[in-house]
Amino acid sequence: MGNIKEFMELARTEIEEMMPADIMKNITLEETTVTKINDQVLHGITFKREDNEPSPTIYMDEPFRQYMEGESTLKGLISRTIQDYLQSLNQKPETIMEDFSFDNVKDSLTVRLVEVSRNRQFLSNVPYMLVGNGFAYVADIKVNDGSDGYWKTTVTRTLMDSEQYNKTELFTKALAGSVKEAPAVMRSMQETLFGFEESENLLLSDEVIPNNDKDHMYVLSSEDGIYGASVLYYPEVKEQIAEKLGENYYALPSSLHEFLIVPESAGMDPVDLGRMVYEANHQLVDPKDVLSDNVLHYDRDTKSLETIPSEMVRDTKDQERVC
């Protein structure tokens with residue numbers, strides 16, 4: 001077996017044989033391919049039910065990897081897949097949105113920041129708003145909110161067209177929703193690492209951070225930390241950061257969830273910063289959480305945020321190999 005398509009066909013046959021007969025007679029298995037954030041293509045099996053209840057999709061990419069690397073047998077993987085499906089039958093959300101008219105979703109909208117070049121396929125069916133530096137906002141709808149947390153779905157072009165959303169109004173509401181529900185927070189790296197829950201949100205301070213109290217690095221995110229990198233492009237946040245630092249700064253895209261802010265006075269070379277981001281993205285950050293390899297630089301005088309392309313880092317690495 002050399003590819004996931006063959007594995008999916010085999011898995012489907014095994015599920016049909018191993019699933020309890022009284023449950024199997026009421027469902028139809030359908031193979032599906034979904035393009036997620038950062039153009040990750042996921043392969044799943046959807047358990048279509050005759051009673052029109054929500055049909056869960058079990059993604060098979062990780063079981064395929066485990067099978068190919070000899071970590072588990074096929075029957076063991078399929079047994080766990082069936083268990084996941086049966087468990088999902090007892091985990092219906094407490095509340096779930098069914099009416100996707102704009103009037104009903106407008107107060108549940110938020111934005112998420114993505115890099116356009118990393119999401120060509122994903123964005124082909126998703127409306128987006130360019131915000132600069134190769135980034136764009138997409139709009140999410142909170143469709144479930146219960147005691148077990150919440151989950152969101154991204155507005156697609158299909159949904160926007162079917163419900164006749166106005167794109168400008170969509171993103172105006174989504175950005176306002178994020179600013180209200182997930183305000184920008186900047187804290188020192190040390191306080192974040194050591195988990196000081198009551199650490200100060202420096203963006204709310206009226207004072208410039210004194211030079212002798214200034215850290216080499218700060219964490220910029222949202223209050224809940226989920227898709228918090230979006231806050232850098234909230235209205236006036238870029239300017240607020242420079243005001244609190246009293247100087248220019250670099251913004252390092254740590255993940256979809258945060259930026260790392262480095263004051264220019266920290267004396268760190270932008271190529272070194274770029275190398276740090278590039279290596280973290282390729283060695284440490286989950287591919288679905290990567291935002292960008294490019295470091296940004298904010299100039300306080302011109303109020304401009306410029307991109308330091310990752311090609312500078314790769315060119316430096318190539319020179320090191322030659323030496």
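Predicted model: local features only at pLDDT ≥ 70, side-chain atom pairs only at ≥ 80, totals over all residues.
User: Why is asparagine 119 called buried?

Analyst: Buried means under 20% relative accessible area. Asparagine 119 has 0% relative accessibility, so the label applies. You will find asparagine 119 in the loop between strand S4 (109-115) and strand S5 (128-132).

User: What does asparagine 119 touch, not counting residues up to four places away in sequence?

Analyst: Its contacts of that kind are Ile37, Asn38, Asp39 and Val114. Contact here means heavy atoms within 4.5 Å.

User: What makes the approach of asparagine 119 to glutamate 115 a polar contact?

Analyst: The side chain of asparagine 119 comes to 2.8 Å from the backbone oxygen of glutamate 115. The cut-off for a pair of N or O atoms is within 3.5 Å, so 2.8 Å qualifies.

User: How do you know that the span of helix H4 agrees with its number of residues?

Analyst: H4 has 15 residues, which at 1.5 Å a residue should span 21 Å. The end C-alpha atoms of H4 are 21 Å apart, so the two values agree.

User: Which residues of H4 are buried, and why are they said to line one face?

Analyst: Leu74, Leu77, Ile78, Thr81, Ile82 and Tyr85 are the buried ones. Down the axis of H4 they fall within an arc of 140°, so they line one face of the helix. What covers them includes H1, H2, S1, S2, S3 and H3.

User: What about helix H1: how does its reach compare with the expected value?

Analyst: H1 (residues 4-18) reaches 20 Å from its first C-alpha to its last, close to the 21 Å expected for 15 residues. In H1, the buried residues are Ile4, Phe7, Met8, Ala11, Glu14 and Ile15. Their arc, seen down the axis of H1, is within 130°, so these residues also line one face. On the other side of H1, Lys5 and Glu17 are exposed.

User: What makes asparagine 3 a cap for H1?

Analyst: A side-chain oxygen of asparagine 3 lies 3.1 Å from the backbone nitrogen of lysine 5, at the N-terminal end of H1.

User: Why are S8 and S13 called edge strands?

Analyst: The six-stranded open sheet runs in the order S8-S9-S11-S10-S12-S13, with antiparallel pairing. Strand S8 (184-188) and strand S13 (304-308) each have a single partner strand, so one side of each is left without a neighbour in the sheet. The twist averages 30° from one strand to the next.

Technical notes: Residues numbered from 1 in each chain as written. Heavy atoms only, no water. Helix = DSSP H or I, 4+ residues; strand = E, 2+ residues; numbered from the N terminus. Expected span 1.5 Å × (residues − 1). Buried < 20%, exposed > 50% of the residue type's maximum accessible area, 1.4 Å probe, protein only. Arc of directions from axis to C-beta. Polar contact = N/O pair within 3.5 Å; in protein donor to acceptor, adjacent residues only side chain to side chain. Pairing = 2+ DSSP bridges. Axes fitted to C-alpha atoms, helices over the stretch in contact; angles between N-to-C directions.
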